[in-house]
Amino acid sequence: MPLPKALEGDRWTEEIARKMLPLLVWCAENEKRITYGQLDSELQRRGLGHHVNVVVYGHPAGAIGDAMIETEQETGVKHPPINALIVNAKSGIPGSGCDYYITNHLQGRPTRDLSDDDRKSMAEDTFEEIWQFEGWRRVLADYGLQPLHGAIPALM
């Protein structure tokens, strides 16, 4: 499978999404969540980007979620929304911007308006599916992306 349309292009959103995805695959394989601040720091530490206000990472996170939906539609294989591993530092769960991806994955009908309790419950179910999914390395290979070398120190 070629790179999904959601990750194609040279805009900041798509470029950072392609750089974020191997970090998220590492998180998935190591059963970790990553906060927006940790993501920003790790991208800088690896020389993959410069500091930005963490709220703008929602755009590349959404592009990754869209890519999982595209891949699922093309392959017929259910791909959990790995972008859900990017969480709020205080709550430990994804923000409301991820509601669409979580509900699309778990219920097959996306919504953008979960209550905090529903979001927490559905996020926990989604984390488990992401961590159990065994095809993350294949996703990277299919997209022409390299897996992460080394760990993410802030998550060890």
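So, helix 3 (58-75) and helix 4 (99-107) each put at least two residues into the lining of the largest cavity. Bear in mind that this is a predicted model. Which of the helices gives the most to that lining? Helix 3 does, with four residues.

How big is the largest cavity? Its volume is about 60 Å³. And if you count cavities of 30 Å³ or more, you get one.

If you want to click through the lining, go to Gly65, Met68, Ile69 and Glu72, then His79, Pro80 and Pro81, and finally Tyr101, Asn104 and His105. Sorted by class, that lining comes out as five nonpolar, four polar and one charged residues.

The whole structure has four aromatic pairs. One of them joins Tyr100 and Tyr101, and it's edge-to-face, with 5.2 Å centre to centre and 80° between the planes. Are these two tyrosines buried or partly exposed? Tyr101 has 10% relative accessibility, which is under the 20% cut-off, so this residue counts as buried. Tyr100 has a relative accessible area of 24%, so this one is partly exposed.

Compare that with Phe127 and Trp131. Their ring centres are 5.7 Å apart with the planes at 25°, and because that angle is under 30 degrees, the pair counts as stacked. Where do they sit in the chain? They're four residues apart in helix 5, which means about one helical turn separates them. Phe127 and Trp131 are both buried.

The largest nonpolar core has 47 residues, and Met20, Leu21, Ile82, Leu85 and Trp136 are the ones with the most contacts inside it. Elements giving two or more residues to this core are helix 1 (12-29), helix 2 (36-45), helix 3, strand 2 (86-87), helix 4, helix 5 (116-132) and helix 6 (136-143). The largest share is from helix 1, at ten residues.

Okay, over to you.

How values were computed:
Residues numbered from 1 in each chain as written. Predicted model: local features only at pLDDT ≥ 70, side-chain atom pairs only at ≥ 80, totals over all residues. Heavy atoms only, no water. 1 Å grid on protein atoms, 1.4 Å probe; cavity = no way out; pocket = protein on both sides within 12 Å on 5 of 7 lines; lining within 4 Å. Points joined across faces, edges and corners; volume = space filled by probe spheres on them. Nonpolar A, V, L, I, M, F, W, Y, C, P; charged D, E, K, R; others polar. Core = buried A, V, L, I, M, F, W, Y, C linked by side-chain atoms within 4.5 Å. Buried < 20%, exposed > 50% of the residue type's maximum accessible area, 1.4 Å probe, protein only. Phe/Tyr/Trp six-rings, centres within 6.5 Å; stacked < 30°, edge-to-face > 60°.
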